[in-house]
Each structure stands twice: as structure tokens, then as C-alpha cells.
Amino acid sequence: MTTLSFSSTHFRKYFFLRTEIDRLLTASILFSSALIAIRMLHTGTTLFLWLLWNLFLAYIPYAISTWLTNRQGKGLSRAFSLLMGIVWLLFLPNTFYILTDLYHLHDSRHPLAPEWLDLALIFSCAWNGLLLGVLSLRHMEKLLWPDTRTNWLFLIPLMALNALGIYTGRYLRYNSWDILSNPFQLITDIARMIIHPLRNQYAWDMIACYTILLLFIYSMMKKIGHALS
């Protein structure tokens, strides 16, 4: 009698199923997708369907960093690696941005959707985005700044840029591709924030807060990973 053995070798041809972490991430994202589908069927609305798009955008930097990690030492040109790194940096804030989707918990209530479902739905999406961001950042930290004694020189500016990206996305309503489609307006708005910091205290308070928050989250998750390994 022939038995089927679903070992990891069966999944290697699928990018999103190659490792145990990839499979857990995929399962977690599918769970979030199922919650969205259940809510849509239960309420007859498509309110949280956009969270799937946010998860897709959050997956892009993880896919890039995973690919670069797997291709390390395999003859990638510096120009191409630099280009991929820039694309990664532009999309990375999308991972942590989903944390702010928790804002929608109370302003998107529906009488047919229990609050616990909305909480689980939004939190699971935010959790997946957070995991994608932390894992992707860890990939790039290993590639670009392996020195653990000075990695704060890499992490602090990067988290500040992430926090800036979260603010511009949430409140100024910019997207990652606006750096190409609307660069002058984006640069102008950021320049105004820099030139007039007191007029934009709300923005800088949020950016400072989220920079520190993301640093704590990343550092703690990295330490937990080391402790459990």
C-alpha cells in the first residue's frame, strides 16, 4: 500500500511554502482572508475587502527580502540588488501600516457583525503585516548590516522612515508608488513638515512614537526568536 508523505520537499517549488515560517505565514494570511469572507457573507457588504490589498502590499517586501536572501552569493549585479533594495524600502512601511487599520474597529461597525469578529479580523491582518515586516527587516539586516554591535545605526533610521511612511499613508493618503507617480507633491509635503516642525507637531509626535514602538517590537521579537531557537 502506497502512502503519501507531505514533507517539506513537496513544497519547495512554491515560493510561499518553502519553509516552516512561510507555511505558517500563508496559513495565517488564509485565516485572515477567511474571516473577511465570513464577514462579507454574514453582512452582505465588502467593507474589509481592502485589507486583502493591504496584506498583498505587505507581502511584497517580504517576498523581495526572501528572494534576495536566497540569491545571496549567486551573482546578482550590484545595480539590480540596489534597485530591489529601493523597491523593498518603498514597500516596507506597508507591513507596519496595517497596525493603524485598528482605527477602523469602531467606525466600521455593522449590526450583523459581532465586535469580536471585527476585532479578530483586523488584528489578525495587523499581526500578519507585523510578522511580514519583522521577518523582512531581519532578512535585510543580516544582508546589509550583520554587525550586531552597531546595528542600531541601521535600525533607527529605518524605523523612522517606516514611521514616516505610516504617517504619510494614513493621514496624507500617499501610497508606495506615489514616489513615481506623484513625487513632487510627496516631497513638497514632507519638506513642509521638516521646514515647519512646530506646525506639524501632531505628525512628528506620531512619527517619534511609532519609531520607538517599532524598535521595541522588532527588538523584542528578535530576542524572543533567539530565546526559543
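At what angle do α6 and α10 pack, and how far apart are their axes?

1. In this predicted model, the two helices α6 and α10 pack at an angle of about 75 degrees, and their axes lie 11 Å apart. Because angles of 65 to 115 degrees count as roughly perpendicular, α6 and α10 are described as roughly perpendicular to each other. On the α6 side the contact is made by Trp127, Leu130, Leu131, Val134, Leu137, Arg138 and Glu141, while α10 contributes Ile217, Tyr218, Met221, Lys222 and His226. By class, this contact of α6 with α10 has 8 nonpolar residues, 1 polar residue and 3 charged residues.

2. The packing of α2 with α6 has an angle of about 20 degrees, with the axes 9 Å apart. Angles under 35 degrees count as roughly parallel, and α2 and α6 are therefore roughly parallel to each other; their crossing is left-handed. From α2 the residues in contact include Leu51, Leu55, Tyr59 and Tyr62, and among those that they meet in α6 are Leu121, Cys125, Leu132 and Met140. The contact of α2 with α6 divides into 14 nonpolar and 7 polar residues, with no charged residues.

3. Helix α6, which covers residues 115-144, also packs with helix α7, residues 152-170, at an angle of about 140 degrees and with the axes 11 Å apart. The pair α6 and α7 is therefore oblique, and the crossing of these two helices is right-handed. Here the contact is formed by Leu137, Met140, Glu141 and Leu144 of α6 together with Phe154, Leu155, Leu158 and Met159 of α7. Sorted by class, the residues of the contact of α6 with α7 comprise 7 nonpolar, no polar and 1 charged.

4. Turning to the pockets, the largest pocket has a volume of about 740 Å³. Its lining consists of 30 residues, of which Gly165, Thr168, Tyr174, Asn175 and Ser176 are the closest to the centre of the pocket. At least two residues of this lining are supplied by each of α2 (50-70), α3 (78-91), α4 (93-97), α7 and α9 (183-195), and α7 gives the most, with 8 residues. The lining of the largest pocket is made up of 18 nonpolar, 9 polar and 3 charged residues.

5. The second largest pocket holds about 560 Å³ of space. Among the 19 residues that line the second largest pocket, those closest to its centre are Ile21, Val134, Leu135, Met221 and Gly225. The helices α1 (20-43), α6 and α10 (201-228) each supply at least two residues of this lining, and the largest share, 8 residues, comes from α6. By class, the lining of the second largest pocket has 10 nonpolar, 6 polar and 3 charged residues.

Definitions and conventions: Residues are numbered from 1 along each chain as its sequence is written. This is a predicted model: local features need pLDDT of at least 70, side-chain atom pairs count only at pLDDT 80 or more; totals for chains, interfaces and linings use all residues. Side-chain values use heavy atoms; hydrogens and water are left out. Axes are lines fitted to C-alpha atoms, for helices over the stretch in contact, and angles run from 0 to 180 degrees between N-to-C directions. Helices (H or I, at least four residues) and strands (E, at least two) are DSSP runs, numbered from the N terminus. Angles under 35 degrees count as roughly parallel, over 145 as roughly antiparallel, 65 to 115 as roughly perpendicular and the rest as oblique. A crossing is left-handed if the near helix is turned anticlockwise from the far one by less than a right angle, and right-handed if clockwise. Contact means heavy atoms within 4.5 Å. Ala, Val, Leu, Ile, Met, Phe, Trp, Tyr, Cys and Pro count as nonpolar, Asp, Glu, Lys and Arg as charged, and the others, Gly among them, as polar. On a 1 Å grid over the protein atoms alone, a cavity is a set of points where a 1.4 Å probe fits but cannot get out, and a pocket is an open set with protein on both sides within 12 Å along at least five of seven lines; lining residues have an atom within 4 Å of a point. Grid points are joined across faces, edges and corners, and a volume is the space filled by probe spheres set on the points.
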